[in-house]
Amino acid sequence: MSKATESSLLSPSLCAQLERLELVTRKIFRGRMKGERRSKRKGQSVEFADFRNYVPGDDLRMLDWNLYARLDKLILKLFLEEEDLHFYALIDASLSMDFGEPSKLQYAKQLAAALAFVGLIRADRVRIETLDQPVFQRNPVYRGRASAWRMLRQVEAIEPRGGTQLATGVKNFCLRNPGKGIVVLISDLMDKDGYESALKNFLSHEMDCFVIQVLSQAEIEPDVKGDLRLVDCEDQDEAEITVSSPLLRKYQQTLNTFCSGAQQFCTKRGMHYLLANNQVPVEELVAKHLRRRGLVR
Amino acid sequence: MDSLFRNALGPTAWIILGMIPPAIFALYFLKLKRQPLEVPSTYLWHRVIEDLHVNSLWQRLRKSLLLFLQLLIVGLAILAVLRPGWQGESLQGQQFIFLIDNSASMSATDGENGRSRLAEAKQRVVALIDQMDSDMTAMIISFAEQPNVVQEFTNNRRLLRDALDRIEPSAAQTDLTGALQLADGFANPGRVTIEEENAEYEITEQQNIELYILSDGRFAGVEDFSLGNLQPQFFPIGSLTAENLAITALNTRRGEERPELLQAFVQVTNFGSEDRAVVVELYLNEQLLDAAELDVAAGAAASTTFNLSREAEGELRAVINPGKDAKDDLKLDNTAYAVLENLRDSRVLLVTPGNTSLEAALTTDRAKRLAQVEKISPSALEGSSYQRQSQAEYYDLIIYDQCAPEAMPQSNTLFVGSLPPGELWQKNNANEKIFGPQIIDWERSDPLLSLLELGGIQIADSLIVRPPLGGRELVDSTDGPLIAIAPRDHYQDVVIGFEIVGDDEEGNRTFNTDWPRKHSFPGFWLNVLDYFSGVSDDSQSTNHPDRMVELQLGPQEDNVEVVLPDGSRQNVTVDDTGRLNFTDTSQLGIYSVLVGGQVGKKFAVNLFDRPESDIALRVRQAGEDDLITVDSLDIGYVEVEAQSPQLEVRRELWKPLLLLALFVLALEWYIYNRRVYI
């Protein structure tokens, strides 16, 4: 086992589990290098895919000369292309993520590490970024199992920092990474300016986009009582509440509306949405929910 | 006064009470220090609050359930203090006297659900008491035979209610006059009048006092009474259609045709509106002697007699059983009691210097059964023992043979050969002696002389005895009456003019008459004993409940106890003359007087009161309208109209309100402790 598997983010058992998985995308992406991934594109590999008639301009190297001899027709022999995949994990490392037990950020980091590990195993190109990093700061791209420890070290180093604008972060990410690929946004989506404009940025990049909304248990079922002055940890905004049953009911309603609104928004735009509770172990999330969503298989 | 609310607090109390809700508000908002709590994002919370702020005023109130509950408690308390109520006649005036009749007829169970009239009256009074304001005072007097102050003037409604509970039904008759006089005394405690030029002025200013009389009106109107400051109101209690069968008499007496038999006479009166058949059962010492069925017409009386043996003695009880289906609203008068006393108890004192024939006649076997005869000599008349006993009604009969006392004793007397002292007899008779009178006639129908043949009696000399006014001559002779009888107070005196034995001129004892040789002699003395000892039989039916019973016991008897019908005992004292005045006769039944642990005397207390048994309310049909109105009540010259029997009762809400406040308080406590999110 590599050194990376001893990290706090990934336990050996999780690594063993992850090694059997691979990242999946429904979209056809052109990888920069040949990878281990079977692409939907036809290309050059040893695996036969199909025949088709020759049209002028086709690569003559692909002609099936045997068929031409037999049928006197120019027929192209198509092979499956194997390619690599760009995998981006975009972590929201704002202060608001530093809540819960385990903290949402920790959870996000674990999740990102797990997915990145899958990518590395399958020789995909993995890049991990946070929302708050400047436009021009580019993080290294990892590839191959050997890079796992470096990837993990980078993820572990992520600390909660300041209030991040979701929209700005996503926009910066898109500016830095114009290519196609899978992007997994791990965030609580609690942005006072709304998440819609942020997510729209992904659309223009035709990325296969997964939005994983991480909420802590305290947010899903707040355990508060009495008269409280709620202080927002990012912008010190205050909200005075007197906890009552209708208020809690109303909160539940609002939360449900918010989550289902985000899901609808994503589904309509071909993105994948998943609500993650920090009480659900990462292993279970990856093995069950993300597999069901089609991110891994 | 008649409004929905009535004030129970003074202005100061109101000000203090009014400051409580603002104080709670103030305390609540002062107290409200919100706990800061850091949350990941207020994003959702703001959206929640914005939604709730749509109707923010209500939300602001709803913010604190505890505040709301506290205000609710205070609100309920204020509302309770305001004493909301409805549908009430209000009490007018400042002072009230409730006269509650608890006589026998008030035990009639013709109220709703078989409730007694007394319970009904109490309920009315409770309703009135509940209407009292805090500055009103009231007192309660119960009255039957005797008025009784149950509660003096107070404004404490709880005391009044407790006092009301203490009123017990009695078996006595109704006497409103005493209650009115008592009320008058309380109503005008400090009446001071000065007389000036034949005009009376009352110095103290009198307040009008409302007098509520709750009775079924079983009494005659009250005369010679001035109400003064009393403002009477009469609330008749009871229904117009009450049915009642009552025993109105129970007597024992000698049979008219067969004097050796005792007869018990029972009279049953039907006070209802239907003819009824009733079974009368007679018990002697709790053993059924006999029963008879009587048909009693509505409003009439019927009677029956039972034959008893002459020797029967003990407690006699007559019970009427109206049958299961028959309605009988008053149970008290369905039983009557009588005492059959041992006749040998009657005591006879013979004062004689010596008279063997007379003594022999008084000590025959039959005579012993009738009376105990004691003998003393005339010289003992001076003794203190005689003096005391003769004045103490100790003897039923004293026979003075050849002598006379200085003063007449308190008993029946029989004089032989002498005249009683005192003017009554002396002024008619000149102590003249006649010689050899011949008896020509005698009163054969008189019980003393019944079945006697007096003809042929020879008499040497005799006094002529002319009875005083009201007396009768029993034996007439050729020269004038020889034996006469005359009443004295409630005693009777018999005088026999001739001696049986006497002294002749030489001072020798000699027979004055040959009467002792005749058959009629012992018969006469038996008649005498029978007649005078039987007197006590007639007195037994006259004891009414709550009236004083006078009994004659031996003088100087101590350790006297009276056993009441319910078995309780009461020590009583006997005065010097051996007279016992017993007043605690509230129960119907037989009372036993124990002298030194032995039953000395018994007496029965019976209702036997037609007005009390006639329990249906007297009605007067008002001709013009169809309403049945109950008679009015005459007090002095004032006619007090009966008030509507359906007294409107003010229903007050303060009790449920306070209970609700208590409940809310408990709820608030629960919420505070459990932090229930409601």
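Visitor: Which residue in β1(B) is the bridge partner of V231(A)?

Guide: That's E38(B). Helices (H or I, at least four residues) and strands (E, at least two) are DSSP runs, numbered from the N terminus.

Visitor: And what is the bridge partner of L230(A) in β1(B)?

Guide: For L230(A), the partner is L37(B).

Visitor: How many bridges join β8(A) to β1 of chain B?

Guide: There are five, and the two strands run parallel; β1 covers residues 35–39 of chain B. Two strands pair if DSSP finds at least two bridges between them.

Visitor: Before I go on, what sort of model is this?

Guide: It's a predicted one, where local features need pLDDT of at least 70, side-chain atom pairs count only at pLDDT 80 or more, and totals for chains, interfaces and linings use all residues. Residues are numbered from 1 along each chain as its sequence is written, chains are lettered from A and ligands numbered from 1 in the order in which they are written, and side-chain values use heavy atoms, leaving out hydrogens and water.

Visitor: Back to the strands. What order do they have in the open sheet?

Guide: The order is β9(A)-β8(A)-β1(B), an open sheet of three strands with mixed pairing. β9 of chain A and β1 of chain B are the edge strands, each pairing on one side only. From one strand to the next, the twist averages 30 degrees, with axes being lines fitted to C-alpha atoms (for helices over the stretch in contact) and angles running from 0 to 180 degrees between N-to-C directions.

Visitor: How many residues does each chain give to the contact?

Guide: Chain A gives 35 residues and chain B gives 26; contact means heavy atoms within 4.5 Å.

Visitor: How many salt bridges and how many polar contacts cross it?

Guide: The rule finds zero salt bridges between chain A and chain B (a side-chain nitrogen of Lys or Arg within 4 Å of a carboxyl oxygen of Asp or Glu). It does find ten residue pairs in polar contact, both at pLDDT 80 or more. That takes a pair of N or O atoms within 3.5 Å; within protein, one must be able to donate a hydrogen and the other to accept it, and residues adjacent in sequence count only if both atoms are side-chain atoms.

Visitor: Which elements give two or more residues to chain A's side?

Guide: Those are β8 (227–232), β9 (238–242) and α8 (245–268) of chain A. The largest share, nine residues, comes from α8(A).

Visitor: New topic: where is the cis peptide bond?

Guide: From E101(A) to P102(A), with omega near -5 degrees. P102(A) lies in the loop between β3 (86–91) and α3 (104–121) of chain A.
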